[in-house]
Amino acid sequence: MRHLYMLGLLLCWACSSNPQQTNQAPNQAENNTSPAINFQAAGDSIVNAAQKAFVGALMKAIQERGTSGAVAFCNTHALPIADSLSRHYGCTIQRLSDRYRNPADRPQATDSIVIAAYQAQKAAGTPLETRLIEQDQQVVYYKPIILGMPTCLQCHGNPQTDIDASTLAVIRSKYPYDLAVGYKQGDLRGVWKIAFRK
Ligand code: HEC
């Protein structure tokens with residue numbers, strides 16, 4: 001039984017990322033003889049940059065407008081920031097969640113399978129790795145988004161204890177079908193999805 005479990009784990013690892021590649025910058029990757037683009041390294045560095053852009057914009061908005069004002073800011077700016085990063089890097093950058101706030105961030109078929117696999121790994125205490133999946137004309141990179149900072153709870157935590165009333169009111173009015181509350185620190189909030197054309 002234990003052997004079967006180990007085999008299952010190995011198969012899982014086989015389709016996840018190669019950790020040795022993760023520190024390469026994309027320009028180094030392009031010098032490799034094959035493949036032409038190191039999608040793993042490109043995904044890693046694009047997500048790093050996107051994460052900085054998102055958290056930076058969020059913190060600035062909270063400082064300047066307060067938490068409830070920052071909800072309105074995210075409502076109008078989150079997708080445009082992703083779009084402009086996508087144009088800059090020549091790929092499609094998304095944040096997706098099984099418990100999405102913006103319906104535009106709802107996962108599609110393969111995304112849901114990846115997210116469910118991450119949830120299961122998290123429940124089993126297995127470290128979560130990035131994944132590369134080849135589809136017809138695309139290579140798709142996924143990276144888990146862990147709700148890591150206490151600040152996140154101000155808009156995604158417990159509606160009774162973490163989110164203040166005025167912030168909750170703005171969330172409810174902008175997102176009447178919101179699923180993205182009730183998280184605790186350390187929870188899997190969703191995934192980054194970077195789609196490259198082959
Ligand atoms: C000021 C309130 C606020 C804070 C703080 C906040 N978020 Fe959000 N978050 C939002 C809003 C509003 C959206 C929907 C944006 C949109 O409409 O595109 C969102 C969307 C997301 C999404 C996209 C998936 C979805 O549900 O639509 C992820 C992932 C996410 N947040 C993660 C985080 C993480 C991680 C943190 C902490 C670093 C955080 N958020 C902090 C308000 C917030």
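This is a predicted model: local features need pLDDT of at least 70, side-chain atom pairs count only at pLDDT 80 or more; totals for chains, interfaces and linings use all residues.
Residues are numbered from 1 along each chain as its sequence is written. Local features need pLDDT of at least 70, side-chain atom pairs count only at pLDDT 80 or more, totals for chains, interfaces and linings use all residues, and side-chain values use heavy atoms, with hydrogens and water left out.

**The ligand shell**

The iron atom of the ligand has a single protein donor, His-156 (NE2), at 2.1 Å. Donors are N, O and S atoms within 2.8 Å of the metal (3.2 Å for Na, K and Ca), and water is not among the atoms, so sites may look incomplete. His-156 belongs to helix 5.

Polar contacts (pairs of N or O atoms within 3.5 Å) are tabulated below.

| Residue | Protein atom | Ligand atom | Distance |
|---|---|---|---|
| Arg-101 | polar backbone | oxygen | 2.7 Å |
| Asn-102 | polar side-chain | oxygen | 2.9 Å |
| His-156 | polar side-chain | nitrogen | 2.9 Å |

**The pocket**

The ligand takes the space of the largest pocket. A pocket is an open set of points on a 1 Å grid over the protein atoms alone, where a 1.4 Å probe fits, with protein on both sides within 12 Å along at least five of seven lines; lining residues have an atom within 4 Å of a point. A molecule sits in it if more than half of its atoms lie within 2 Å of its grid points.

The volume of the largest pocket is about 1,000 Å³, counted as the space filled by probe spheres set on the points. Its lining has 44 residues; Phe-54, Leu-58, Arg-95, His-156 and Arg-189 lie nearest its centre. By class, 26 are nonpolar, 12 polar and 6 charged.

Helix 3 gives the most to the lining, with 17 residues. Helices (H or I, at least four residues) are DSSP runs, numbered from the N terminus.

Definitions and conventions:
A polar contact is a pair of N or O atoms within 3.5 Å; within protein, one must be able to donate a hydrogen and the other to accept it, and residues adjacent in sequence count only if both atoms are side-chain atoms. Helices (H or I, at least four residues) and strands (E, at least two) are DSSP runs, numbered from the N terminus. Ala, Val, Leu, Ile, Met, Phe, Trp, Tyr, Cys and Pro count as nonpolar, Asp, Glu, Lys and Arg as charged, and the others, Gly among them, as polar.
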